[in-house]
Amino acid sequence: MPRPVPGSRRKAVLAALALQPGEVISTDRLIHIVWGEAPPATAGNTLQSHMSYLRGVLGDRAAILAQPPGYVLNIAEEATDVQAAERLIRQGTQSADPRQGEAWLKAAIGLWRGQSLADVTDLVWFHDQAQRLDHLLLRAKQGLIEVRLALGQHSQLIPELESLRRQSPLHEQIHGLLILALYRAGRQADAVAAYQVLRHTLAEELGIEPSQALHELHAAVLRQDPRLDTPPVPAATGPAPAQLPLAITVFTGRGSELAQLDDLLAGPGRPTAVVISAVSGTAGVGKTALAVHWARRVGKTFPDGQLYVNLRGFDPGGSVVSPAQAVRGFLDAFGVPPARVPPSLEAQTALYRSLLTGRRVLVVLDNARDAEQVRPLLPGAPGCLALVTSRNRLTSLAATEGARLLTVELLAPAQARELLTSRLDAHRVAAEPAAVGAIVAHCAGLPLALAIVAARAAAAPHLPLAALAAELRDADNRLDTLDGGDPVSQVRAVLSWSYRTLSADAARLFQLLGLHPGPDVALPALAGLAGVSAAHARRPLAELVRAHLLAEHSPGRYTFHDLLRVYATELVHSQETDTDRRAATHRMLDHYLHTARTADAVLTPQPNPIALPPVQPGAAPEELANYREALAWFTAEHRVLLAAVEQAAAAGFDTHAWQLAATLTTFLDRQAHWRPLADAQSTALDAARRQEDRTGQANAHRGIGLAQDRLGQPDAARAHYQLALDLFGALGNHAGQARTHQHLARMCSAQGRYRQAGGHAHHSLEHYRAVRDRAGQSAALNHLGWYCAQLGDHHQALTHCRQALALALEIGDLNGQAHIRDSLGYINHHLGQHDQAVDYYRQAVDLFHRSGDRHSEATGLADLGKTQQAADNPGAAQTAWTQALIITDELDLPDTDPLRAKILHHLDQYLTAATSRPTRDGS
């Protein structure tokens with residue numbers, strides 16, 4: 001709701017803060033902006049009064065904070081139109097889909113409602129800011145024209161372009177777009193005439209010729225170059241997330257509940273705001289089945305994706321999915337690169353909600369424990385809908401988020417009979433009405449119990465239903481209730497019937513699953529748990545799925561309903577001896593540990609890996625042939641591995657705990673899972689201490705240091721790194737010392753302490769040489785060269801980097817060669833040898849591209865542009881910076897990222913210079 005701000009000075013104060021949100025503006029600068037060169041003596045006091053008034057208008061005293069030496073507007077991201085416009089323009093101009101780009105750019109232009117800063121442009125500072133905003137608007141309009149041209153709207157654009165040309169007769173890009181539109185509209189002669197008009201105007205006004213780009217466009221028009229034709233509109237940039245699990249084959253009843261969910265979408269254009277529905281009910285009542293069935297039925301209403309996560313809020317093993325894990329899964333589903341994922345949950349949630357802005361997405365949050373687990377995962381964008389299921393009635397979501405509550409009740413007798421009939425032969429049900437009535441009564445209307453009874457009956461078609469009813473009536477054992485309000489006293493008996501129908505192999509596999517930490521499991525790990533081959537495990541696994549005792553929630557991955565997990569856990573403790581349970585757990589942990597070692601060795605080859613104990617017979621670790629397979633395995637299993645670290649420590653397998661954590665370190669670091677990395681390494685450290693295992697403690701300290709470093713805690717990181725060095729040193733472990741010094745060198749360099757960084761790099765090199773690790777030596781030499789260059793010793797830097805390059809070439813390390821050539825580019829640039837620097841940077845960029853290191857590729861392009869600028873090649877510099885900016889967009893780096901900020905700064909300087917001093921090549 002708009003809130004008026006009376007008084008030009010108050011408006012100026014608020015506008016100045018809003019144009020730099022989140023940044024402290026000093027009191028002196030604010031006074032100068034608002035009152036100019038000769039402020040009154042009372043300006044300071046008046047400014048304080050304005051701040052107090054504005055806080056009242058904004059309705060939040062924390063919205064404007066007094067922070068020395070001035071004030072800061074403390075608001076959420078994109079709380080100002082300028083922030084929103086900048087993002088929309090960036091997305092629109094960089095979008096690979098012109099349709100989406102058109103929508104974003106139109107939204108950006110719609111944020112302008114008349115003259116920029118109309119109420120305060122009489123003040124000098126705001127006059128300049130208004131010009132900046134006008135330039136931003138022109139960028140949006142130009143970008144919109146470009147995407148509309150890509151969509152084939154050339155004829156409709158000609159009048160608008162002619163008007164823009166009259167407003168900006170010297171703006172070459174607008175002339176170029178007009179020429180292209182005229183040509184595509186079949187008006188070749190008019191396109192040539194438009195070029196001549198520009199050429200004449202530039203000659204008369206500035207005495208220059210059109211840019212090379214315009215000259216080449218003119219030539220292409222003359223020869224009717226087919227490349228000027230409208231390009232085909234590309235398909236969408238990628239498939240929308242489609243995470244909904246498979247719906248059950250037969251869905252019956254629940255007509256009233258489905259109608260209430262349908263009401264969420266009632267009316268034209270709904271949902272026009274975020275809609276939240278909280279579906280609650282007892283365990284096994286069918287909340288998930290209802291939610292998934294309805295979500296699949298209305299999926300087309302949400303063309304931008306359907307997200308799903310099982311939050312495991314009542315998991316008996318404690319494997320509850322945290323909001324951080326869930327939101328990270330959603331970011332992965334949208335293809336957000338690890339480099340862009342911020343460390344804190346708050347920042348990740350903000351990024352997730354920004355991704356949903358302008359999209360129609362359905363978010364299904366299944367099996368939530370409470371409202372606090374759900375809140376960070378709720379979308380904030382109109383057009384999205386969140387469907388939450390929980391055993392608890394999430395009343396607070398209704399009170400604070402406006403959620404619509406829906407309680408799923410137990411099935412009425414008629415509905416329960418309908419469920420049985422849908423799963424069994426109708427004649428069989430009709431033949432024994434009394435038995436069916438007894439089954440319905442004893443199952444208490446619980447769909448889970450009814451489904452298991454139906455599965456048992458279907459598996460034994462000759463068994464009278466009366467026999468099942470009798471077993472229900474006589475059973476006296478109970479499955480412990482997971483929730484005090486769950487009326488499921490007969491479920492254990494029902495589960496036992498299904499269990500007793502299993503073959504011996506399937507029954508044993510089911511009960512052993514009670515030892516698995518979850519949240520899900522793949523066939524090879526199941527085989528290792530049981531100590532059999534994967535081929536032997538397939539038949540009992542399929543039997544469990546058919547009996548509805550296990551669900552294949554995604555291809556090749558299996559999970560329990562939480563009641564089934566409790567039952568399996570009870571069985572494994574009653575049916576297996578302590579020795580057998582420990583042996584199965586040992587095999588499972590060996591399977592994960594040895595497979596993780598294989599995957600880690602593919603990702604980070606090293607000559608002296610951690611020594612593992614021999615694998616237990618039957619554990620059957622997986623063979624991973626290449627980088628792609630190793631990365632895919634870690635991606636699928638890392639949540640299981642993190643749970644296995646905790647389980648190993650709790651079950652007395654301390655060596656497995658720290659070794660598993662060590663094998664996970666590289667993957668978790670590269671994928672920016674830094675908080676789980678810190679947690680796993682802390683568990684590993686405790687486990688290693690219990691064993692008095694100094695190697696384990698050293699590796700855990702190094703892992704904790706790495707995680708703390710990434711999370712912005714350098715002091716804590718340094719302390720753990722030092723403990724790791726002390727332990728590795730006492731052990732004579734050169735490889736461990738080398739990697740730890742390498743981490744310390746990088747951390748010191750990031751803080752600008754290059755001498756200390758160089759010292760650590762020297763130590764790293766010595767230790768790598770001691771273990772003959774040529775890849776490590778190459779990296780250490782390159783680091784030494786880089787630090788020497790930062791300290792101004794460019795000739796010594798060249799020596800180190802040339803030695804590093806020779807080693808990298810020997811072993812064929814493409815990524816290492818790329819980093820070294822990047823360093824050589826930097827060194828030659830600062831020696832004034834710009835041609836050599838350009839050559840090295842181009843080689844580095846090519847190698848980074850080939851090795852898939854996109855962030856380093858963008859860094860190399862940014863430095864290449866700076867070197868081209870120094871070599872007086874402004875057009876080439878702009879090209880390099882533009883390519884770098886495109887990559888940072890693809891990586892979704894925020895504008896505050898140091899690399900992206902540097903690129904934007906270079907481009908802004910270039911555009912400013914180009915506007916004030918046009919040159920022949922258009923730079």
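Strand 6 (residues 362-368) and strand 7 (residues 385-390) run in the parallel sense and are paired over five bridges, where two strands count as paired if DSSP finds at least two bridges between them. Helices (H or I, at least four residues) and strands (E, at least two) are DSSP runs, numbered from the N terminus. The structure is a predicted model, in which local features need pLDDT of at least 70 and side-chain atom pairs count only at pLDDT 80 or more, while totals for chains, interfaces and linings use all residues. Residues are numbered from 1 along each chain as its sequence is written, and side-chain values use heavy atoms, with hydrogens and water left out.

- Five strands, in the order 5-6-7-4-8, form an open sheet in which the pairing is parallel.
- Strand 5 (306-310) and strand 8 (404-407) stand at the edges of this sheet with a single partner strand each, so one side of each is left without a neighbour in the sheet.
- From one strand to the next, the twist averages 15°, where axes are lines fitted to C-alpha atoms, for helices over the stretch in contact, and angles run from 0 to 180 degrees between N-to-C directions.

- Three strands form an open sheet in the order 1-3-2, and here the pairing is antiparallel.
- Strand 1 (25-26) and strand 2 (64-67) stand at the edges, each having a single partner strand, so one side of each is left without a neighbour in the sheet.
- Strand 2 and strand 3 (residues 70-73) run antiparallel and are joined by four bridges, and isoleucine 64 has leucine 73 of strand 3 as its bridge partner.
- Helix 1 packs on this sheet, touching strand 1, strand 2 and strand 3, and its direction makes about 70° with that of strand 3.
- Helix 3 packs on the sheet as well, touching strand 2 and strand 3, with a direction at about 145° to that of strand 2.
- Strand 2 and strand 3 form a hairpin with two residues between them, and glutamine 67 stands opposite glycine 70 in strand 3.

**Packed helices**

- Two packed helices are described by the angle between their axes and the distance between the axes.
- Helix 35 (residues 774-790) and helix 36 (residues 794-811) pack at an angle of about 160°, and their axes are 8 Å apart.
- That angle makes helix 35 roughly antiparallel to helix 36, on a scale where angles under 35 degrees count as roughly parallel, over 145 as roughly antiparallel, 65 to 115 as roughly perpendicular and the rest as oblique.
- The residues that make this contact include Leu781 and Trp786 of helix 35 and His800 and Leu807 of helix 36.
- By class, the contact of helix 35 with helix 36 has twelve nonpolar, eight polar and two charged residues, where Ala, Val, Leu, Ile, Met, Phe, Trp, Tyr, Cys and Pro count as nonpolar, Asp, Glu, Lys and Arg as charged, and the others, Gly among them, as polar.
- The axes of helix 1 (residues 8-18) and helix 3 (residues 43-58) come within 10 Å and cross at roughly 75°, and the two helices are therefore roughly perpendicular to each other.
- Among the residues in this contact are Val13 and Leu17 of helix 1 and Met51 and Leu54 of helix 3, and by class the contact has seven nonpolar, one polar and two charged residues.

**Single residues in loops**

- The peptide bond from glycine 518 to proline 519 is cis, with omega near 10°, and proline 519 is placed in the loop between helix 23 (504-512) and strand 9 (521-522).
- Arginine 254 has a phi near 60°, which is a positive value in a residue other than glycine, and this arginine 254 lies in the loop between helix 10 (212-222) and helix 11 (255-263).

Notes: Contact means heavy atoms within 4.5 Å.
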